[in-house]
Amino acid sequence: MDAATPVQSIANDVSATAKAATGTDTLTGKPSPAPLSAPAATKTTPVQIVLVVLGSIAFLYFARPVVLPVFLACVAGMTLKPLIRWLSYCHIPPALSAAIVLALLTAAIGIGFFQLGRPALTWMNQAPQHMTELRQRVQKIFPRIAHFSQATEAVSNLGATEEEKKQEQKSAPTVVVKDSRGTGSILDWTGTLLAGIGETLVLVYLLLASGDLFLQKLVHVMPTLHDKKRAVEISHEIQQNISNYLFTVSLINIGLGIVVSAGLHFMGVPDAAMWGMFVAVLNFVPYFGPVVGIILLATVGLLTFDMPWQGLLPPAWYLMLHLLEANFITPVLLGRRFTLNPVIIFVSLIFWTWLWGVPGALLSLPILVSVKIVCDRVPTLSFVSELFTR
């Protein structure tokens, strides 16, 4: 017997759906036999919905080592999918295209980290010295802070004699810090990070090399032709929007990092390229990223220059460029496709950061865009889409 073609399969699905809805056989025209027993429709209660949501949150939190690489791989796969399609036009197999794209991406990231990681390690090793110097600079700029700390110390020692003060200093316990646990935790964290990166890269390769296999499977399991079409539309729209968003934002942030690095270099800030890279990465995180970037550059400026007004030039330069990017460049390039409610964006950022840390903060906006697209396509979830829209 010959295998049924996809068109015949879809026709059979449509025929079965019409037969179930009208109670007649569309091929013979005869009434179909009634089912022996029809299950009663159950209505989901609010308590059940709350339990499902809480259970899902608990699952995502405790299954983070497994679920997080899958989410990262899916987002990275959707972002790199246009490159795979472009290489397919050159008659390159998907498996080879995925290997080429991942090799180039890994090489670029590795070279960048090795070149810029040395000054970062130097700054980390000199962090205690920098913090002491920063405190002295701040007390010199704001002398009232030093007077306030002295007044606080005087109030705490109020009524004590010189002999009591000396006795208290002698009786103060000596704290010995053992580095074995700290070193072990750092090694464990590094091993976990490298393992997660390796798992994500393998998953990205498998997703890119498989082509549209998962989309075909998803279409095959859908019961009706309408559901099949909607599944294809939602999948393509999510992939296109996430790819356009991440590609555009990546170009904007890279350009922002280059311009910030150039300005810091002309100001005389050491390791300007490293700070520009940090600013570009932080700019992927809404709200919190720019704030951390301003604080970081303010610290660098105060440690680099002797005059206070010179120390405020690096954060002022970054703040001006960020306001220009956020209010003019990004809205023009992205348009109104990603105009989401700022309150929803902030809540999503807090939630995913609490759930998954820094990777969750990076994934918060792509996940929010995907949820909005699904809600736009499903009529029963249109109210959720309306809440997400500005």
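Residues are numbered from 1 along each chain as its sequence is written. Because the model is predicted, local features need pLDDT of at least 70, side-chain atom pairs count only at pLDDT 80 or more, and totals for chains, interfaces and linings use all residues, while side-chain values use heavy atoms, with hydrogens and water left out.

The protein has 17 helices and 0 strands. These elements are DSSP runs numbered from the N terminus, with helices being H or I over at least four residues and strands being E over at least two. Of the 390 residues, 27% count as buried; buried means under 20% relative accessible area, exposed means over 50%, and partly exposed lies in between, for a 1.4 Å probe and protein chains only. Among contacts (heavy atoms within 4.5 Å) between residues at least 6 apart in sequence, 67% join residues at least 24 apart.

Two packed helices are described by the angle between their axes and the distance between the axes. For α4 and α11, the axes come within 9 Å and cross at roughly 95°. Axes here are lines fitted to C-alpha atoms, for helices over the stretch in contact, and angles run from 0 to 180 degrees between N-to-C directions. On the α4 side, Leu116, Pro119, Ala120 and Trp123 meet Ala273, Met274, Trp275, Met277 and Phe278 of α11. The residues of this contact divide into 9 nonpolar, no polar and no charged; Ala, Val, Leu, Ile, Met, Phe, Trp, Tyr, Cys and Pro count as nonpolar, Asp, Glu, Lys and Arg as charged, and the others, Gly among them, as polar.

Attention now turns to the cores. A nonpolar core is a set of buried Ala, Val, Leu, Ile, Met, Phe, Trp, Tyr and Cys residues joined through side-chain atoms within 4.5 Å. The largest has 27 residues, and Ile242 and Trp356 have the most contacts inside it. Two or more residues come from each of α3, α10, α15 (342-356), α16 (358-377) and α17 (382-388), and α16 gives the most, with 7 residues. A second, separate core of 18 residues includes Trp123, Leu264, Leu297 and Leu303.

Trp356 touches Leu60, Arg64, Val67, Leu68, Phe71, Leu363 and Ile367, not counting residues up to four places away in sequence. Ser243, in helix α10, is buried with a relative accessible area of 6%. With the same exclusion of residues up to four places away in sequence, Ser243 touches Met78, Thr79 and Pro82. In helix α3 (residues 64-89), Cys74 is partly exposed, at 36%. The C-alpha atoms of Cys74 and Leu207 are separated by 7.6 Å, although these residues are 133 apart along the chain.

A search of the whole structure finds 9 aromatic pairs. Rings of Phe, Tyr and Trp (its six-membered ring) pair if their centres lie within 6.5 Å; planes under 30 degrees apart count as stacked, over 60 as edge-to-face and the rest as tilted. Phe351 and Trp352 form an edge-to-face pair, 5.1 Å centre to centre with 80° between the planes. Phe351 is partly exposed at 28%, whereas Trp352 is buried at 10%. Trp352 also pairs with Trp356 in a tilted arrangement, 5.1 Å centre to centre with 45° between the planes. Because they are 4 residues apart in helix α15, Trp352 and Trp356 are separated by about one helical turn. Ring pairs link Tyr61, Phe62, Phe71, Phe351, Trp352, Trp354 and Trp356 into a cluster.

Two loop residues complete the account. Most residues other than glycine have a negative phi, and most peptide bonds are trans. His91, in the loop between α3 and α4, has a positive phi of about 60° although it is not a glycine, and His91 is exposed at 75%. Asp271, in the loop between α10 and α11, has a positive phi of about 55° and is partly exposed at 33%.
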